[in-house]
Number of protein chains: 2
Amino acid sequence: MAQPIPFTKVKIVSSFWDSHIEVSRKESLPIILSKLKSYGTWDAMRMKWKQGDPGVTPDILWDSDVGKYVEAASYALYHEQNPDMEAAVNEGIDMIIGAQQEDGYVGIYHTLVEPGKRWSSLAHNLELYGGGHILEAAVTRHIALGCPENDKFLDAMNKYVDLIIKEFGPGEGQRHDYPGHQEIELALMRLYEITGDRRCVTLAQYFIEERGRTDAPRDGHAWDIAARARGDDPDFFFPYYWPRPRCYWHMQAHAPIREQKEIVGHSVQAMYWLSSVVDVALATGEQSYLDTVETLWKDMVDAKMYVTGGIGSVHIYEGFGPRYDLPNETSYAETCAAIGIMMLTQRMLKVRADAAVADVMELALYNALLAGISLDGKTFNYDNPLATVACSHKRSEWFKVFCCPSNICRFLNSMGGYLYGTDRVQDTLRFTVHNYVGGEVTVGQSTWVVETEWPWHGRTSLRVKDTSEPTIVRLRIPGWAKTYEILLNGKAVKHEVVDGYASLPALAYTPNDVINFTADMVAEHLAAHPLVHQNRGCLAVRRGPIVYALESVDHPDVPDLRLVRIDGAAALEPVDMKILDKPVVGIRTRATVVDVPPQEKSSFGGEDKVARTHGESPVELTFVPYFAWGNRGLGDMRVWIQERSNRG
Amino acid sequence: MAQPIPFTKVKIVSSFWDSHIEVSRKESLPIILSKLKSYGTWDAMRMKWKQGDPGVTPDILWDSDVGKYVEAASYALYHEQNPDMEAAVNEGIDMIIGAQQEDGYVGIYHTLVEPGKRWSSLAHNLELYGGGHILEAAVTRHIALGCPENDKFLDAMNKYVDLIIKEFGPGEGQRHDYPGHQEIELALMRLYEITGDRRCVTLAQYFIEERGRTDAPRDGHAWDIAARARGDDPDFFFPYYWPRPRCYWHMQAHAPIREQKEIVGHSVQAMYWLSSVVDVALATGEQSYLDTVETLWKDMVDAKMYVTGGIGSVHIYEGFGPRYDLPNETSYAETCAAIGIMMLTQRMLKVRADAAVADVMELALYNALLAGISLDGKTFNYDNPLATVACSHKRSEWFKVFCCPSNICRFLNSMGGYLYGTDRVQDTLRFTVHNYVGGEVTVGQSTWVVETEWPWHGRTSLRVKDTSEPTIVRLRIPGWAKTYEILLNGKAVKHEVVDGYASLPALAYTPNDVINFTADMVAEHLAAHPLVHQNRGCLAVRRGPIVYALESVDHPDVPDLRLVRIDGAAALEPVDMKILDKPVVGIRTRATVVDVPPQEKSSFGGEDKVARTHGESPVELTFVPYFAWGNRGLGDMRVWIQERSNRG
């Protein structure tokens, strides 16, 4: 089983990624901290708030907001010192420890606002979610500090884990319940990874197994039971984010894990859940979990994922809609969900190096995820549309639910851990490259140097700094690459391809050796599955890992992007350009624009003229990378563009 | 100015409408009452609830729920006695009066749950909304009882009005504020209509004028001021139904009335608001209000209305989206908003009989509105999609926000007031027919009998029961009728057409005279404006006032309605059929179905094959009236159907 090479062994030196990572440290993290302070979140951790105080009442999400800032900043500090950030992290940690209750409980809402209601609404009150994020922060900080022997933060969170291990489980006197928003499960598995404490696996598995079960000896669904216990009637009660009562599918708790055949509900939750399911499967050997992951993955990728890798098509419950129903203007595609894809695919790639899985990781990384942050790092997207109308969307500094910005920052500052895998085949060291990002990576005893022109050109070179033991180098061949080449020291090298990964023969590499891998990036049109009604008659543009979009700011003479008609036979010409300071490759192509007919009479959405033809004018289009949209002022954007036909 | 002929002078005897009206009385109203009881709303009016009681905490919407039931039932009882319903109405009225505070305040939430916070959050706490609906109930009950001299309900609500006239206004010591959800304004105008109390007009106008103003001597926006006064920071605070802080546009309070040039925000609110604006304009002569209504109406009808007459394309805030952005699967098209169109158009037709306005009234009536209730009256729609996927929508018995069912019932039981107008031209009586519904109507001293085959055939006859004074009969010629005929006693009659209304010469009609009006209903295809991206390449079907849809239940061999390709040149054949017991006219036509290609590999929403062609098979389609969809079990429905092209 190939382990991901951890971020501690990867250094990123990338003409593409450096600017994004840098602004996340210089701009985003300070902005996040300042928003946490101005909103009241940060200071609430001092535990001085009481009923009747002015300002915002502490919220069930605040623990996770603070935990995620601490975690993201801990990653950033690992790579680059920053005294202010270091002080903030230490302050945050001290406040978290200070806020912890005697018995280990962590959660300011149920300490300050509704004491005595602990655990009463696990489905909705985000207790284990907040605790889980703080636990992740402790694990990350521990690793980032080099695993010191004395670590009061980790000690505190171990005490929290002791508490929840006691509270939740199948025993008499224990609570037979499980969280709504999954998070604690994967956090427990991260703790297990550094402590080896099997009780973490047991509890994570308990939550996974128990979820959605109603069979004997249970008296019904755990959340029905909990609702009645607190005086809510599950036939009537439902929170504002459910359309009606008992939407357990929203949280993937409508059925036991082995019975779930479709991916449903909240996208971020689904990704966090399945990530933990893979973790527990690998720790316990429970193959049926991997079968469920495979089935749900296929449902998602075949029919519930946007061309950008974004997931979630329904705003009202932030989640998956029906198969092949992918509206563009109202795509939800939450940034956190794209990060969830990184987390899940990283784990799936432990099970097997499958290029189809890593292709999706790459797709989401360069498109759905990266669109979540502005080029200058100062604003963020929560939901990510694939089209706007009347300038209906722009990034923001802050959201009441503040999960996405810190999530992007923690991803960018730990992304080294998502690039490579390593294992042994019989006794031979194997080094697997899932994603092509410049920098250095330690594999076994050797340091490899990776240089790449990704994502603009598919040329990558790999060499060691010092002679390696015999190593099998395994490279992902992206599914979009119709042709590729692997050279060793300038000569074509024999290689096996299994599941889209090319394995070179085992070799003890010397600093004189160089592997040159080139995946040919060719701009092309994409058409959607015919059941995706929204995209019928439309084309999108892709080149390598980058999916493209039109922006109105580049087309001042086009009155509305909805009037553009592209020609699937016209050439797509890559051009070097800049979005603000960032060099990118754009795509030029010739197209037409429909002349807007004057509004003749009030037509209430339908007009009784069939085969209405319109005049058209030629236009030259410039497509830009989707991730870079919305950085040059307010305007419209569109990914799927209507193709020209004689009906106008 | 033509006054609507009130419901008290109209009797509906309609082979089309009778069944809908009957089930609203026999099924819907009893269901509504039983839900109000089982949820706790009804009994909360007894004012015995206290903090800590089990069950649902009384909600700010409950006053309006009870008021709307009482109002709808009052209308129903006017037409048809029912001892149980009479008892319930009297009980409701007694509870309302019993719940009223000493000083006249009406509103159980701020009496029981948050006393002392009265008026503190007018934007959000629905106080004047609840009071307004109860006021409407009192006015309706008064009229329905024949305007008795002693009316304790009306007395109680007059006391409420005295209170709010004192509280709100420009004077020192008064609150310079106005409600979020508009309703009180039109309720005050209804009271004015029966009492002649000008203070109602003054207060309604105050609310209308003040809305959105920030100019001196004001210290800013009234809702910013109110937020700070109660300790909320308007830079941060926002309720869950706003995407971010300060979404005053959501409630049409982002600018003063004369500056508003586009219709925005919550659709129901917009309709209630504009209805009251017309009322106040007519009572004060304020022409600028009518200009605003005209401008916003045009924006709505030209570019923000569905082909069914539904309005509201954005779920998250239940309102208008950008121009020409009309998603079908996620159309909001709230049933209450379609009823709002009835209310607004009824008032607009007082200003001028304009067939373009009455056409929209008819469109919404037979499509967007009627779709809101099942044929058996037992279930309702809140939002009304124009397409479903994977059976994603069905009507429900109950919604946590329970506004639509009682609204439909009150409309159906008062619809007589939306059909006709009367006025004098110089001194000659004029009788205007806006909508064609069978029954009787009193015009002046005469009773007219109307018989019609609407909406299935355009043949209508009108005759008096007793000789009339000289009367100008004025008939709307629907915009969809390319040809029509008006006969008087079998002979073509000379008539002027102004704004789409045909005026016959003044005549003293005798019982021997008969007017036969025939508007030719021809099934036709509709195409959408090219900026409506969602409908490009699609056609819809209409015949007369009825807009049609496909249902999967009629097409068991079609795997998915999204694969149907209709032919704009194929004949559309009207056929008599039944939906359950209801005779309707369906439309048959020949079309094709695309063969679904097997899923070759995970394609994540895009496939890199252009000009993919598919096999197709012939199919015979049966379109059914959109209002009747979803009555024959769970299935899919679609209004806009893809047109066949060679790309598949």
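This briefing covers a helix pair, the strand pairing, a domain assignment and some backbone details of a predicted model.

Local features need pLDDT of at least 70 and side-chain atom pairs count only at pLDDT 80 or more, while totals for chains, interfaces and linings use all residues. Residues are numbered from 1 along each chain as its sequence is written, chains are lettered from A and ligands numbered from 1 in the order in which they are written, and side-chain values use heavy atoms, with hydrogens and water left out. Helices (H or I, at least four residues) and strands (E, at least two) are DSSP runs numbered from the N terminus.

**Helix packing in chain B**

- Helix α6 (residues 127–144) of chain B packs against helix α8 (residues 184–195) of chain B at an angle of about 25 degrees, and their axes are 8 Å apart; axes here are lines fitted to C-alpha atoms, for helices over the stretch in contact, with angles running from 0 to 180 degrees between N-to-C directions.
- α6(B) and α8(B) are therefore roughly parallel to each other, given that angles under 35 degrees count as roughly parallel, over 145 as roughly antiparallel, 65 to 115 as roughly perpendicular and the rest as oblique.
- Residues of α6(B) that meet α8(B), where contact means heavy atoms within 4.5 Å, include Leu128(B), Leu135(B), Val139(B) and Ile143(B), and among those they meet in α8(B) are Ile184(B), Leu188(B), Leu191(B) and Ile194(B).
- By class, the contact of α6(B) with α8(B) has 10 nonpolar, four polar and two charged residues, where Ala, Val, Leu, Ile, Met, Phe, Trp, Tyr, Cys and Pro count as nonpolar, Asp, Glu, Lys and Arg as charged, and the others, Gly among them, as polar.

**Strand pairing in chain A**

- Chain A has an open sheet of seven strands in the order β2-β7-β8-β9-β16-β11-β12, with antiparallel pairing; two strands pair if DSSP finds at least two bridges between them.
- At the edges of this sheet stand β2 (10–12) and β12 (491–492) of chain A, each with a single partner strand, so one side of each is left without a neighbour in the sheet.
- Strands β8 (residues 446–452) and β9 (residues 459–464) of chain A pair in the antiparallel sense over five bridges, and Val450(A) has Leu462(A) in β9(A) as its bridge partner.

**Strand pairing in chain B**

- β2(B) pairs in the antiparallel sense with strand β7 (residues 439–443) of chain B over three bridges, and the bridge partner of Val10(B) in β7(B) is Val441(B).
- Strand β5 (residues 420–425) of chain B is joined by two bridges to strand β1 (residues 3–4) of chain B, running antiparallel, and pairs in the antiparallel sense with strand β6 (residues 428–433) of chain B over six bridges.
- The hairpin of β5(B) and β6(B) has two residues between the strands, and Gln426(B) takes a positive phi near 50 degrees there.

**Domains of chain A**

- The assignment, automatic or from a database, gives domain 1 (254–372), domain 2 (420–520) and domain 3 (523–600 + 609–643) in chain A.
- The C-alpha centres of domain 1 and domain 2 of chain A lie 27 Å apart, and their contact takes 10 residues from domain 1 and 16 residues from domain 2.

**Backbone details in chain A**

- A cis peptide bond with omega about 10 degrees joins Ala216(A) and Pro217(A), and Pro217(A) is placed in the loop between α9 (198–210) and α10 (222–229) of chain A.
- Trp454(A) and Pro455(A) are joined by a cis peptide bond with omega about 0 degrees, and Pro455(A) is in the loop between β8 and β9 of chain A.
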